[in-house]
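Thanks for coming. I will take chain A, then the interface, then a sheet. Please have the model open.

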Amino acid sequence: MKRHRRRRTLAPYLFLAPSLLCVSLFVLLPFLDAVRRSFYSAMSGQFVGLQNYRTVLHNAAFRLAVGNTLRFTLLCIPVLVALALLLALLLQAAKDERGVYKTTFLAPLAIPVASIVLLWKVAFHQNGMLNSLLSHFGVQPVDWLQTDWAFLVLVLSYLWKNTGYDMVLWLSGLQNISPALYEAAQVDGANARQRFFKITLPCLLPELFTISVLSLLNSFKVFREAYLIGGDYPHDSIYLLQHLFSNWFTSLDVDKMCAAATLVALAVLLLIFAMQAAWGRKENR
Amino acid sequence: MKNKTSTKLLAALLGLSLLLGGCGEKAKPAPNETEGGETPTAMGRYIEEELPLPHNEAWISHTMQLLPDDRIQCIGEGEDGVLRSYVLSGESWQEQDVGALSTAYQQSGEEDKYVSALSGTPDEGYLMIVHMYSDEMDENGEPLDRYVTLQVAPDGTVTEIPIDYRRKWEGVYDPTNPNMPIYPSAIRRGEDGDIYVGAAYKGIFRYSPQGELKTVFPGDGGAFVLSGGELGQFNSEDGELVLFDTESGEEKSRIATDGLFSSVSGSGGLLLRDGQGDIYRADRDGIYRLGKDTTLWEQMVLGEMCSLGLPSLSVSGFVRLSDGSFVVRLWSADSTERYVRYVYSADTPSRPDTRLSVYSLEDNSNARQAAIQLQLKNPQVYVEFRTLLEADSSMTTSDAIRALNTELLAGKGPDVLILDGLPIDSYIEKGVLLDLEELLGERIKNGEFLENVVGTYRRDGKLFAVPTRLGFPAVWGEPETVSHAGSLSALADYAEQNPDKRMLDHLSPEALLRDFYLTCAPAWLTESGQLDEERFAQFLTDIKRLSDTATGEDREVRMNYAGGGVQTLSSSPFGMVAGEFELMVDLMQSNHNVMLNAGVVQHRLGGELPQGGALREIFAPMPGQGGGTVFQPLSIVGINAASGQLEAAKEYVGALLSQECQEPDSYYGYPVNRAALRAWTKNVLSSVQSFSTSNGSYPEVVIYWPEERVLSMVADALEQANTPSSYNDTLMQMVVEETAGFFEGSMSAGEAAKALSARTQAYLAE
């Protein structure tokens, strides 16, 4: 029995081995090396203990980047999750045209980032389409990309690009809820609001965890748009952690970069664990 | 059960195959490898030998060719304007009489003249084109120079061939301007008795012995080969060698060069064809051979390892001897020449054992010059010069720096770095660069170099990087105006007091920000890297005062940062001569800058520059905000502390700073070597340059090489330079963006300074 159980648990690992090997080689080991480098000086290799961490935490640029990244994450993820859920619910109701709407909302994912940035520049440049439209209403032109408005443009870009993806994940979750639950609730006299809050939302909690984690990870990819719009040093409002890491690498501040990366990774990991504890699927023991 | 077993087996096999796939039996040695895995050294290389000069006097060569008896003949003229011929026999030159050729040249015309093209031998006779200069212009502003084509027969008979070169040819290949007349630069007699004339950027023109045009072979002209009923010349648009049938004029074939040559246009590079029909090309890239009826170019001599690659020299003569060796004449812009021979040595390794890698962000002629000079003195060293940003590459500067940093972190970086555009302060802070104090400290103390310049990157008594050249921002103009250009504020005051005078050529806010950034930034950027808001606000105010003096359609307020790290610091010579503005601004990097600016001011002053001490009043350092004299460090060199070739790297740095390397004018920076700087002041050439507009909107401006006193004046000012300043594209972009509101009137200078301070916080805090 024991041998049989051991054989059953061995098979998945054998299948996982090749992927695990690649992930270890290209992700895990480099990350561990980055953690190691965070305790040493960049070029001389001298052990400096926590000095790099102290330098990073006192660095004004790091604080600015962390603040912007946090602000972006805290604003975008709830909005994105809620908006995607709303759209999924609407699509769930529209049985006939669902395919068309799904394609429409997923289309932004397929557009290359460079093309998107080109569109944003045409739309939001000081001489762009939006200012041209607003001038008809007597509004003074605004430099959308070089002022605090740049943050809003970035949020808009992120929402526009990722709503479809989250919507599809919500849809999948919605379709996994057994209709029998709704029927039983209806029989018991529950109205639509009650069914939503008592059945739909609780059943979607595991999906909420997955979608939140994926949205969090996707939020870091918005750096591409920010970089293409503003270069190495964009407006302060869209100066993100990746800008800082990229610039630190250019100036060979690899020690600070590794320390900051370690701190960020720890923070993200803790957040994911917290979300899993709150919303994750409870495994049968 | 069986399925589960087979599933497990499959999984195990998959995992094992991935784990073990990379291992295998030891690879069999490649054909040129030994069993021990070592590759034997490839042997055989052309070695350069210096040949004596044919003469000891000032001399202009017109042609170098191979005589039927395998001797080399050079024909040129001395300062007396008499043509002479020298023939190389063995290791020495013998003067030979050219008889009727010299007489024909003397009698060709009374005007100032020059031999534009010459070919032939004493036995076959000569063909010569004489360029007669003229001061008159045609309706398009083109000078009415004329060309006289002469044929000198072996018996001395001189015949003029009536070829009209000024006729404009429709449809002739010209990537720059199809309406320009042709300027002949090569002439040859074909096997068919016809005359072939080459004109750069136009093509080859075939004339009958009577001067009647028979065929046009479109192409780059300049250099061409002609034998066996075939004519070959380059086409720079496609980068191909095109072979024509001389009889029909039709293209026979095209041979691609696949980017082998850095340039195939105009007169860059010379071609020759040997008796077997092989074609050879000599240029800065080296000597290459194209076998008859083949399409592959074979490298015979690598330019970057010999004098061919020296940026200060260009190929002006090229022959191949019957023993397979090559003789090349190299010409320098200061009209000196060298003759070198390349002889094949089968016992010499094709590549030296010691390899020194030199990296530069962009191409740097000073660094290349030093690389070749080091190799010539040390044949056992091969200097691999690499440019991080290639010409056609889409890589950005940041990408290139990151790629370099990756190599440095892996311990595989280059031995020597040309640090222009690289994060020097970061490299110094991280210990990437070697301390050069021991290497150069004594020489600096002895006054061999401009101490203020070479000591720019000295930190705590250690010298980590050394600028080997410098740029000097300056203004030129009439004494009255220059006297008020002591500072930016003083210039703005003077501009406001004289509203009828336009101070500078470019008066838009962005142009002014760029022009004055170099000289003013040291005042408002503190040593700790913070912005002095008060001084920056003053800077903005003065810039606005200057900009506001522009009137009418010249007034441009809107800022639109174009990026690219381009500094303006240029002025139109036409506008200055015409009195449209008062001051020329320029970043002085070469005596050619002096020629332009002094020549233009000379025109402005009615044709004469002031004498004695008054000369100094037409020239001044570009106004700034501080008390120092600003210079721009250029060609900054550093040695990678982790280099495995430290001795060779130190020799390279020594070569870069040597008088020999610093004396040639590379157009990219004045020398920091004092002896070389003083030699520059003695380098009085006979250069003449003229500027004219295509639509004749301004009269032609002709300027001459400046006198020694003018060159000395500039050199004296350079020696006083004491404040380094470099362009920072990132900071420049922030300045332009954050001050746009101020120039548009929506914020005060103080507010703009605060905005910039806030904007630069992240950048400076990093």
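Which residues of chain A does the UniProt annotation "transmembrane region" cover? The record, an unreviewed entry, gives residues 12-32, 72-91, 103-124, 144-160, 199-217 and 259-279 of chain A. UniProt positions are in the numbering used here, feature names are shortened, and annotations may be inferred rather than shown by experiment.

Some ground rules. This is a predicted model, where local features need pLDDT of at least 70 and side-chain atom pairs count only at pLDDT 80 or more, while totals for chains, interfaces and linings use all residues. Residues are numbered from 1 along each chain as its sequence is written, chains are lettered from A and ligands numbered from 1 in the order in which they are written, and side-chain values use heavy atoms, without hydrogens and water.

Back to chain A. Residues 12-32 are 100% helix and 0% strand, with the end C-alpha atoms 25 Å apart. Residues 259-279 are likewise 100% helix and 0% strand, and there the end C-alpha atoms are 30 Å apart. Helices (H or I, at least four residues) and strands (E, at least two) are DSSP runs, numbered from the N terminus. UniProt also lists "domain: ABC transmembrane type-1" for residues 66-276 of chain A, again from an unreviewed entry. That span is 78% helix and 0% strand, and its end C-alpha atoms lie 23 Å apart.

Now the interface. Contact, meaning heavy atoms within 4.5 Å, involves 30 residues of chain B and 34 of chain A. The buried area is about 2800 Å², with carbon and sulfur atoms giving 61%; this is accessible area (1.4 Å probe) lost on putting the two parts together, summed over both. On the chain B side, B:Leu409, B:Lys430 and B:Glu766 lose the most area to chain A, together 26% of what that side buries.

How many salt bridges does the rule find across the interface of chain B and chain A? One, taking a side-chain nitrogen of Lys or Arg within 4 Å of a carboxyl oxygen of Asp or Glu. A:Asp253 forms a salt bridge with B:Lys430, and the closest N and O atoms are 2.4 Å apart.

Last, the sheet. In chain B, four strands form an open antiparallel sheet in the order β2-β3-β4-β5; strands pair if DSSP finds at least two bridges between them. β2 (59-66) and β5 (92-96) of chain B are at the edges with a single partner strand each, so one side of each has no neighbour in the sheet. β2(B) pairs with β3 (residues 72-78) of chain B over seven bridges, and B:Ser61 stands opposite B:Gly76 in β3(B).
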